[in-house]
Amino acid sequence: MNPHLDELQPYPFQRLRQLMAGATPNAALAHVNLSIGEPKHPAPCCVKDAIASSLHGLSGYPATQGSDALRAACAAWLQRRYGVTADPATEVLPVNGSREALFAFAQALVDSSGIETPVVISPNPFYQIYEGAALLAGAEPYYVNTLPEGRFQPDWSSVPEAVWRRTQLVFVCSPGNPTGAVMSLEDWKTLFDLSDRYGFTIASDECYSEIYFATPPLGGLEAAVKLGRGFERLVMFTSLSKRSNVPGMRSGFVAGDAKILAQFLRYRTYHGCAMSPLFQSASVAAWDDEAHVLENRALYAAKFAAVMPILASVLDFAAPDAGFYLWARVPGDDDAAFARGLFEREHVTVLPGRFLAREAHGVNPGEGFIRIALVAPLEECVEAAQRIARYAAR
């Protein structure tokens, strides 16, 4: 077996199950699960209609590169959303959701054949796929803490020169999971300058980009264009899961550096991860339609508007820039004890922040926080917020 498999840590939800083992919830209350970022809003009709009309696609093998129509739809969306012109033939590649692509990208990109162990840098807290992808690619993960005093942005100046010299890949997540923080143009300029200096590739995870409240979040390719540069050593990852409420479709795309994507396509041809023709047709319909995205965004905005006033007096949090998470500090700073007690007393499940982070540089930046995913219907979110407030004020 691959020896790096032994380095993988339990996934956050496995740790959550272990935390809740033996806990007896209040049976008088219906369960509200706000622990997992799984969209619960209905899938749009345009997607379901496209699937129903494309069943003939089951009879043929799909191309790894995806259809011309799908790549064109993705490129057209990039132009509408970010004002970015990407060549659909060389700078856009459909993938089976951002999770699969983020993991596979590290396997294709990291070169572990040298004398020194390569480094993959990740924000901390983070989406655990970044860590697993780095480890199984034979790289050493390096965590850069994202703290409230730094706007929940990584402090790149804290990374030692010796680490930068070994760095081959940097993961960033904007809007951030779990914090909802968005990188500014100056943040991007700093990271681009470092990439130019040390030669690493940037993997920009942007799967929450379409859930926002005021200003559309800046994207990595958009930042590159605004700064007058090309897409060299930059690949963005996006998905329909959150934007269009279709996590079961496993559909997204990557875009950016054509040379890197040509090699990534070669890898994927052997990987065997071509998207189903049914879902390719449905994805075209989803990327072409913005009406359902506006409706989806309004539903989340209503939930935040209702929930945040209820929690403001008992939990310490800032309104996120985007995404559907509240990243809140709990009384007493014991996030695991708070989550277990909340489940037992109020039958509400949230995710302890420490499960999303690693001990790094003397601190686990997730400790003392919980992640609240406002994915349930509005009424359930309000009910859960009232229970959380009651428990926190006990």
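Contact is taken here as heavy atoms within 4.5 Å. Helices (H or I, at least four residues) and strands (E, at least two) are DSSP runs numbered from the N terminus. The model is a predicted one, in which local features need pLDDT of at least 70 and side-chain atom pairs count only at pLDDT 80 or more, while totals for chains, interfaces and linings use all residues. Residues are numbered from 1 along each chain as its sequence is written, and side-chain values use heavy atoms, with hydrogens and water left out.

Helix H5 (residues 129-136) is mostly covered, with seven of its eight residues buried. Buried means under 20% relative accessible area, exposed means over 50%, and partly exposed lies in between (1.4 Å probe, protein chains only). The buried residues of H5 are Ile129, Tyr130, Glu131, Gly132, Ala133, Ala134 and Leu135. They pack against helix H4 (97-109), strand S3 (119-124), strand S4 (140-145), strand S5 (167-173) and strand S6 (201-205). Tyr130 counts as buried because its relative accessibility is 1%. After H5 comes Gly138, whose phi is positive, near 85°. The loop between S3 and H5 holds Pro125, and the peptide bond from Asn124 to Pro125 is cis, with omega near 10°.

Nonpolar cores were assigned as sets of buried Ala, Val, Leu, Ile, Met, Phe, Trp, Tyr and Cys residues joined through side-chain atoms within 4.5 Å. The largest such core has 48 residues, of which Leu311, Leu315, Phe338, Val350, Ile372 and Ile388 touch the most other members. At least two residues of this core are supplied by each of helix H1 (12-20), helix H12 (291-311), strand S9 (325-329), helix H13 (335-346), strand S12 (369-373) and helix H14 (378-392). H14 gives the largest share, seven residues. Domain 1 (5-42 + 292-393) and domain 2 (45-288) each contribute at least three residues to this core; the domain bounds come from an automatic or database domain assignment. With neighbours within four places in sequence left aside, Ile388 is in contact with Leu311, Leu315, Phe338, Leu342, Val348, Val350 and Ile372. Another core, of 47 residues, lies apart from this one and includes Trp188, Leu191, Tyr198 and Leu221.

Strands are treated as paired if DSSP finds at least two bridges between them. An open sheet is formed by three strands in the order S9-S12-S11, with antiparallel pairing. S9 and strand S11 (351-352) stand at the edges with a single partner strand each, so one side of each has no neighbour in the sheet. Two bridges join S11 and S12 in the antiparallel sense, and Leu351 stands opposite Arg371 in S12. Elsewhere, S2 and strand S8 (residues 252-256) pair in the antiparallel sense over four bridges, with Pro94 opposite Phe253 in S8. Strand S2 (residues 92-95) is covered on both faces: Val92 and Pro94 are buried on one side, and Leu93 and Val95 are buried on the other.

The structure contains 22 aromatic pairs. Rings of Phe, Tyr and Trp (its six-membered ring) pair if their centres lie within 6.5 Å; planes under 30 degrees apart count as stacked, over 60 as edge-to-face and the rest as tilted. Tyr127 and Tyr130 form an edge-to-face pair, 5.8 Å centre to centre with 90° between the planes. A cluster linked by ring pairs consists of Trp77, Tyr82, Phe253 and Trp287. Arg394 lies over the face of Tyr391, at 3.8 Å from the ring centre; for such an arrangement, NZ of Lys or CZ of Arg must be within 6 Å of the ring centre and within 35 degrees of the ring normal.

Several backbone features fall in loops. Most residues other than glycine have a negative phi, and most peptide bonds are trans. The peptide bond from Ser174 to Pro175 is cis, with omega near 0°, and Pro175 is found in the loop between S5 and helix H7 (185-198). Arg233, in the loop between helix H8 (220-226) and strand S7 (234-239), has a positive phi near 55°. Arg233 counts as partly exposed because its relative accessibility is 21%. His361 lies in the loop between S11 and S12 and has a positive phi of about 60°. At 52% relative accessibility, His361 counts as exposed.
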